[in-house]
Amino acid sequence: MSTRLHRGGRLIDRAKPLSFTFNGRRMKGYQGDTLASALLGADQMLLGRSFKYHRPRGLVASGAEEPNALVGLGEGARFEPNQRTTTTELFDGATMASQNHWPSLEFDVGAINNSFGRFLPGGFYYKTFMFPRFAWKHLFEPVIRRSAGLGKVPKDRDADRYEYAYAFADLVVVGGGIAGIAAALEAGKAGKRVLLIEQTAHWGGRAPVDGVEIDGKPADEWVNKTVEILGKMENVTLRLRTMASGLYDHGYLLAYERIADHAPGDGRPRHRLWRIRAGHVVTATGAIERPLSFAGNDIPGVMLAGAVRDYVVNWAVSPGDRTVIVTNNDDAYRTALALVEAGLIVPAVIDARAHVKGALPEAARARGIRVLEGRGIAKVKGGKRVTGVSICAQAGEGAELEFIDCDAVAMSGGWSPVVHLWSHCGGKLVWDEARAMFRPDAARPPTGEDGKAMVTAVGSANGALTADEVLADVAAQIGGKAARTDAAAESALEPVWVMPQGAGPALRMKMWLDPQNDVKVSDVQLAAREGYHSVEHTKRYTTLGMATDQGKLSNINGLAILSDSLSQAIPQTGTTTFRPPYTPISMGAIAGEARGEIFQPLRKSPMDEWHAANGAYFEPVGLWRRPYCYQRPGEGVHEAVNREIGNARSKVGMLDASTLGKLVVKGPDAGKFLDMLYTGVMSTLPVGKCRYGLMCTENGFLSDDGVVVRLSEDTWLCHTTSGGADRIHGWMEDWLQCEWWDWKVYTANLTEEYAQIAVAGPNARKVLEKLGGMDVSAAGLPAMEWREGVLGGCRARIYRISFSGELSYEIAVPASEGLALWKALSAAGEEFGVMPYGTEAMHIMRAEKGFIMIGDETDGTVIPQDLNLNWAISKKKADYLGKRAQERSHMASPERWKLVGLETLDGSVLPDGVYAVAEGVNANGQRNVQGRVTSTYFSPTLGKGIAMGLVRHGPERMGEVLDFPGDGGKVHKARIVDQVFYDKEGAKQNV
Amino acid sequence: MSNAVSALQGKTYAGFATVTEAGLQGMITLRGDLSSAKVKKAVKAAAGVDVPAQRRIVLKDGKGAGWMSPDELLILVPYAEARAAVDALSAALAGEHALVADVSDARAMFRVKGARADQVLMKLCPVDLPSLAEGELRRTRAAQVAAALWKSDRDEFTIVSFRSVASYVFGALETSARPGSEIS
């Protein structure tokens, strides 16, 4: 039984009991517990099931390296799967549910996989892909899909909020153990701007648990005193519960602050993602203990020796009354001593080394603890819980020498420095033979933009193991004088990768390397036999070190087994790549503040409020929202569009055209510049006039269009499409800054400076005249000209341009006056039947007139000549962007598809984007095609479907009928007609 | 001009810092050779200050000028005076290769005020705010949109964005200023 001890527990506050539930059962813990320590204290050893064999799983570790103890935490809008109980603090009312079992944790049907384990060896998934072919789709995939995945997907919208924060520091120290604290102190004293972050809720790391004294005081006292000093330094910032998740180029460090995981719903953001620019990073990230590979090492109750010590010392939780220690090093003896100190029984320390001396083993012996030298565990007995261990000679094959009853096993295979951050950005590792560990190679660090080291690894993260070594390492690398400690010297460990060393297949099949993904020693050996020599390939083939823990426990053991199988040295095998994040971070933290109204910037015109209040049905146009139409009560979208068109054609309509791009181009070379940008000539445009223009890319493809206005001798205003404003402005600056840098031209993007309103329809002039202030008569403001003045009290520039085919004025006023003008026009127009119209009415009216639309008639492969726009292309100009490309043989080919109008024989509307088929099939056996639909609408003006499309030799084939196969085998028949369906002679707009 | 309204018409939110849309502000873009004597003289006349140095903003008596790029200044004047200032600048720079444009209505301006005002901006702008000097104009982004900011008073920052995204910027500032999310 695991239980709460009556005394001790440096992190818990027994005056503050907290209650929580696990699988619906009520349990008690204390303030300061982690979920894991609370569960263990409540004798909940069985916490979940493994991924593949559904074997019972209990706690192994006490920190970020924990592979097993993942739960579904919370309920409803605060439910989150795969929460690591060892790194989440207990809070009152926490609800946890175990994962990966059915129907219950205690009795699990999936565990049948366990009995058939030999049919699911390493690489099982891959083998199912390969043979037999049909089996993957029909047999394996459905089964694997159902059983794959750990935890349940949250179903509700997340109730919490998240945010980012940006920080800058000369030095970021990662890890708040004694190494990190000492490093921060030195850097702080040197006047550097220091940020010290620690992933847990407590400073000090392992030193207080290990019971060392620093400067003659218990480590706890030294830690508290030093943190207090740091807290008073103005240049030092301290942050607990903040985990450095990844390090990137240029000292860009991501850190994950768990602000309110321990206090859900208290109004604070749950997580904050820090995006830090660090001048330099010190990793004081400590080390992670390695398991030992012996048969049954995955049975609940088998834990890391350091973790057992943590539970006893930090949280006063005993994993069992009788704990057997199994080790290959001196450090595990600290656990033996801590257990005995807490009044618990250690039946034996099983040490794989033949001769064990050293201060710590001697101290254990002095306390009466039995030390078995040169021994190993042959097998752990137990199902859902350890019941005993069978002892053997480490040098042998596993014959039982002795059986010891126990309810927990504390194992230690040595320590591996946490080298993740060091490695994220290219730092290399060196294999330390004596300590059997990969540690940072100071000669090959991750480098910054100056080619110098960007990271310094200190303390245990650099391979120093005792407190003495740790502080000496900090002093040597960061500066200052190392504080004295009383840490006992440790004798050398002996690498042990398999226990016992001669274990046969039956035992190796029960030696777990990766308890989360169920990868065993035998699986890695099989992979090696099957030809997997690369550690990266072996990882993927066996799933070793995948998923949420990314092999924090299994990595080194696995590659040691692989190396052994391949008869090569460990450094020759190397490690898998360390990639961010160090431990999983929440999706919410990645999204930050971007949700709801501020998920994405929504651009609003100055009249947006009016539209919203007057039935606007919005559509997105780039990041803008624009009224697609204005619905009246009880009216459908389609009816609204038809009504708006009918009204504009017969009376007068208003369109919010504020989103149109408006780029001003000025300078002595502005005319020359625009002549290069547009296919037509803009330099000759008289002041006061407007001209339609086309812009192409260097490859000749039509890119944007719009009306160009000559404002003064050296100033033009270029209208672009709504979606093209920023792109074309960038295009202009690109040419000016990179190619024609000596041309005297300035540009400015004035898109947002002006609200623009199109007033279109037979009554348009009457509305403007009623508003008064400017001469808008046919003579006073002829078509394709503009005038400035004050219209209805607003500072206005009026362009006489028409995209609808009606008598039309586009009025630009300062954006701040847009709403006032819109309202004034609505009021003045009332007696003339004015109605607003939206983008769909605009689209249909332009199609009725045969005007092209960028993005409908163009798709990046269409040149102006395809659209019969030769009239807008100057033949006199020596050059313009795209001219040379348009003269290439394929661009000038008469075989190119050209724009025509299309009308179905039955008046129906052609589906959008459908192709016209031709005789025969192509090389791929597909039906040949000869054209496609680019725009298609129901025209309320004409009472039938109208369309435009690109057709081979189209303009020469007027009257021909083409077949357009649509969905469901239906073939639409449409006749080629002139693309201008309405008022071809332009009588309506020229009044 | 009496019809003119700012994007959010002075909307305000009191969180752990106060966020306010600052109303109409005259702003003029001037592009030209910032070292030219004519430009210097015209700027002094229009804004009452000298051409600011790189990344600086100089404000005096409700007017001022900010450095936007090697060939661009932002001139600040009261909204009602913007049109006249544009005309005056244009006249003063006649014959000089320069561009003067009224952008008063293309922008929205916000103030964030309070002892923790910097913590609101820390969440949205990748700017080293503790190192932001007095009189420094920083062009940056606020979450997903372009922005410029400067320290306009003790415990006060001014932020300028495009007008169309005013409600987005206000929403981001409001969210960042919500009580409980103080950084320290």
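Analyst: In chain B, 60% of the contacts between residues at least 6 apart in sequence join residues at least 24 apart. The model is a predicted one. Chain B holds 4 helices and 11 strands. Buried residues account for 51% of its 184 residues. The C-alpha atoms of chain B fill a box of roughly 55 × 40 × 30 Å along the principal axes. The radius of gyration of chain B is 17 Å, which agrees with a compact globule of 184 residues, because such a globule would come near 16 Å.

Now the sheet. Six strands of chain B, in the order β1-β2-β8-β11-β10-β9, form an open sheet with antiparallel pairing. The edges belong to β1 (12-14) and β9 (138-142) of chain B. Each of these two has a single partner strand, so one side of each is left without a neighbour in the sheet. Neighbouring strands are turned by 25° against each other on average, direction ignored.

β1(B) pairs with β2(B) in the antiparallel sense over 3 bridges. One pairing can be named: Tyr13(B) has Val19(B) of β2(B) as its bridge partner. A helix also packs on this sheet: α4 (residues 166-176) of chain B. Helix α4(B) touches β1, β2, β8 (107-113), β9, β10 (145-153) and β11 (156-162) of chain B. The direction of α4(B) makes about 15° with that of β8(B).

Val19(B) sits in strand β2 (residues 18-21) of chain B. Is Val19(B) buried or exposed? Val19(B) is buried, because 26 other C-beta atoms lie within 10 Å, and the cut-off for buried is 20 or more. Beyond its neighbours within four places in sequence, Val19(B) is in contact with Thr12(B), Tyr13(B), Phe110(B), Val112(B), Phe170(B), Leu173(B), Glu174(B) and Ala177(B). Val112(B) is 93 residues away from Val19(B) in sequence. In space the two are 4.6 Å apart, C-alpha to C-alpha.

Next, the partner chain. Chain A has 26 helices and 51 strands. Of its 991 residues, 54% count as buried. Residues 24 or more positions apart account for 65% of the chain A contacts with a separation of 6 or more. The C-alpha atoms of chain A fill a box of roughly 115 × 70 × 55 Å along the principal axes. A compact globule of 991 residues would have a radius of gyration near 30 Å, but chain A has 38 Å.

The two chains meet through 36 residues from chain A and 37 residues from chain B. On the chain A side, the elements giving two or more residues are β9 (162-174), β36 (661-666), β40 (746-749), β43 (794-799) and α24 (818-829) of chain A. β9(A) gives the largest share, 5 residues. The chain A side divides into 18 nonpolar, 5 polar and 13 charged residues.

One helix of chain A shows how a covered element is packed there. In α9 (residues 332-341) of chain A, 7 of the 10 residues are buried. Among them are Tyr333(A), Arg334(A) and Leu339(A). The buried residues of α9(A) pack against several elements of chain A, including α8 (305-315), β20 (323-327) and α10 (359-366). After α9(A) comes Gly343(A), with a positive phi near 85°.

Technical notes:
Residues numbered from 1 in each chain as written. Chains lettered and ligands numbered in written order. Predicted model: local features only at pLDDT ≥ 70, side-chain atom pairs only at ≥ 80, totals over all residues. Contact = placed C-beta atoms within 7 Å. Nonpolar A, V, L, I, M, F, W, Y, C, P; charged D, E, K, R; others polar. Buried ≥ 20, exposed ≤ 12 C-beta atoms within 10 Å, placed from the backbone. Rg over C-alpha atoms; globule rule 2.2 N^0.38 Å. Pairing = 2+ DSSP bridges. Axes fitted to C-alpha atoms, helices over the stretch in contact; angles between N-to-C directions.
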